[in-house]
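Have the sequence and the model at hand as you read.

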Amino acid sequence: MAFASGYFKTTYKSDLAIVETFSLWICLIILTLGLIFFPFFASAFLMDLANQVFLALIGAIALMLLTGYAGQFSLGHAGLIAAGAFTTAILFKELNAPIWVTLPTSGLTGAILGITFGLPSLRLKGLYLALSTLALHFIVIYIGAEYETQRGFATGVVIDSPSIGPFLIEDPRLWYFSLLIIDILVVIFSINLVRSRTGRAWMAIRDRDVAAEALGIKVASYKLSAFVLTSALTSIAGCLFAYYRGFVSVEAFSLHMTIEYLAMIIIGGLGSILGAIFGTIFVVLLPYIIDALVDILHVPTRLTTYMFAIKYSAFGLIMIIFLVFEPSGLVGIWHRIRDYFILWPFKHKPLGER
Amino acid sequence: MQIVVNVIVLAALYCLICCGYVLIYRASRVLNLAHGELMTIGGYFLFTVAIGLGNDPVQSFLLAFIFSLALGFIVYFFLMRFMAGESALASVLVTVALGILLRGLITLIWTSQYRHPLQHLGMENSSHQIVEGAVISTFGIAMVISTVLLYLVLFLCFKFTRWGLRMRAVGENPILASQRGISLHMYYALSWGIAAFSVGLAGMIQACDSGLDPDMFVIGLKAFPVVLVGGLDSLGGVIPAAFIVALAEILTIHYISPQASEVAPFVVLISMLLIRPWGLFGTKEELERV
Amino acid sequence: MAKPKNETLLSIEKLEVVYHNVSTAVLGVSFEVRNHQIVALLGINGAGKTTTLRAISGFLGVDDAKVTEGLIQFRGEKIQNKPPHFITKKGIVLVPERDKVFENLTVEENLQVSVSLRKSRASGQDFKDLILHYFPVLGKVGNHLGGYLSGGERQMLALSTALVCGPRLLLVDELSLGLGPIIVDELMNLIKVIRDEQQVTVLLVEQNALAALEIADYGYVIENGRIVFAGDPDRLRNHEDIKEFYLGQGERESQKSYRDIKQYRRTRRWYG
């Protein structure tokens, strides 16, 4: 089996290891090889899907850090992505800036927005905080829309493909590998982050902020750091989004996008990076799965005009089902299946283990 | 003068919408993010009933009222009831998901075409000149009158009737309320019912005034700042807050741009959160509870 | 009341309560309450007293607790896992330990909130007069908010809101909690008076064993989720271990050490 069935750590080194067992190494290597060779077999459509998943994953992991680990609820995620995308668009249109300028600047914009909108979190919690971040969303979208109308890009801003040195990243395969590398970096970074002091402080704040403060955790600065990091990461995702689409327009960043990201981390399972990955794959692929189902079931063409509404309703329905029946998300299901096989013939994990 | 009239009508609309937010929040500590969708559905109920009955405004409105009320009960009994004991966050997310589901269903059933229930009701939305230089539409007047009526009834009920008292008790301490013989489900369902009814009413009048399409739910979102400015748990706070937000919005339309008016409520919200996070009339402890 | 005095009102058999589907708080508690008695349920912190009471008065989804095994019978009817408001209407009313009044309602509103009978079952008096008769203090603070009452007034208000529901069986959780000895004595005597005049039966859960045994007709000692001792107050009062560990009258008080307590912990299982 690929996973340790109990707590077998006997040295500090093994406690610090990210990959715990030899067989897990093998699984990871196979996965990596699969990911590397995937583009050579996949069709253009599958490549686009994979790239979409990779793009969404950055934002989803960022939101997972903020909501799943630090416990701060945000409804401004689409606004942050928009902020990154518009920073890129404005820099590109006004200064013709290359990607190595726009990418860090987007991150910086995000960080500044993160500080501004993290500040209310020092006084507000839960729903109140969520609604103040909702304000962030509307304000960013308003600024973007103002820019579009003032400069005469009524329908949106067109952005050329980025180039790094001599490479022009235009081919889906090049995109695939660039995004893959970025994603792997983001995943490793966030896994390590949540294992570190910062991550533990976040989780303490999430579980009970008063107790965390009593234990000497600087609640204010850790809350702000969560906001800053998440916003910066999300804005970088927004920048990449802008380049990948080659087109930026306010219509793309509706509140629905925020809800999709929330759905990713909820369906995936709050408080788990693996959950963010599962959730992103599920939510991004869901509309295409429904399409495929429609194809298989030979739904009368009369109904296909309603496809958008059907997908929409299905999305809501699935979210409800997960929230009501499986609050621990896909990752919870995965753990249950895994534990079943690892622990067989026993039924339960030792008390207190996750 | 026209500005004053516009502010009053808009504030009335916000009052109608927000009373539902406050009622549900006070009873069950859940913020209903599907409120805008309930409003839209209210409008569509009226539209459908109007087509079915044809030129009979009184009956159409009554039937649509009943549908809206029933919708609130259905939402509670088939969905929110299962969220008892879950965290506030999970419950709120369920309402978000419900909103998506309802929006999908609205487009499925009624398509995203622009509808005018008024023409099926056989009524006209004429303009009235009340004072020099100020015009108000028939349904603008209806909006103001129904808001005043609804709030009067609600205030009297909360103050003087036993169920109003029990509703407050349920919101404060559900376990004790239940131990004192109060059926929680009944009062939660009641709060959902009244909320769906009042917001549905807002949707119906709005639909008569300016037509109907699935994007109407955005008004529900714009009404959020009103509840927070007034205080999430204060019904009385909604009225001044609605005026503040409506004033900000109308002034922005006049002096800056219609586009900026979309943000105006949220700017008011942020300044409020910075000064007095629990709102004008909310209780401070509420901040800790959510 | 014409009913025979010794009829069983409430009987509990092998009750087991599980929280969050994992932790068991009560393991097979059995006891019974006879009509018109005052029964005391004694025990230290975490013994399972409150859980037992909550199991009788009903859990809500919020509590995430469930009676998984056993039987709770009230006047011959099974009432386990029923919602609290249903049980209240059956005539079992709880005075909880904490959060016992609505803090943002006035005293008068607190009294009106209860789903109540108009008149007393036993004496046919109007409840309003009855409350003022038993708790004259409440008449003076009628307009105050529940949250601003003193501990004693709060307990009185909680008792009266429970009385208004017209209980046949009154469950009182920690009557003495946070109250001075004088007021505790006063309230205990009042409970006895109410029992006599209103024909209610009382199940009293207490840490303050001395005060509870003063008025009780029968007593149970619960420990670690099990009943370990039962008897009438005299028997309980004269038992060596109970004397030492619940009443604080042990003879070896001066040299009591941790070893002795452990010794007691070992011996107590013989009573189960």
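How many Å separate the centres of domain 1 of chain A and domain 2 of chain A? Taken over C-alpha atoms, the separation is 23 Å. Domain 1 of chain A covers 45-253 and domain 2 covers 255-354, with bounds that come from an automatic or database domain assignment. Please keep in mind that this is a predicted model, in which local features need pLDDT of at least 70 and side-chain atom pairs count only at pLDDT 80 or more, while totals for chains, interfaces and linings use all residues. Residues are numbered from 1 along each chain as its sequence is written, and chains are lettered from A and ligands numbered from 1 in the order in which they are written.

Now look at where the two domains of chain A meet. Domain 1 brings 23 residues to the contact and domain 2 brings 18; two residues are in contact if their C-beta atoms, placed from the backbone, lie within 7 Å. On the domain 1 side, helices H3 (44-69), H4 (77-95) and H7 (172-195) of chain A each supply at least two residues. Helices here are DSSP runs of H or I with at least four residues, numbered from the N terminus. H3(A) gives the largest share of that side, 13 residues. By class, the domain 1 side has 16 nonpolar, seven polar and no charged residues. Nonpolar covers Ala, Val, Leu, Ile, Met, Phe, Trp, Tyr, Cys and Pro, charged covers Asp, Glu, Lys and Arg, and the others, Gly among them, count as polar.

Let's move on to chains B and C. Here 18 residues of chain B are in contact with 25 residues of chain C. On the chain B side, helix H7 (162-172) and helix H8 (174-179) are the elements that give two or more residues, and H7(B) has the largest share with six residues. The chain B side divides into seven nonpolar, six polar and five charged residues.
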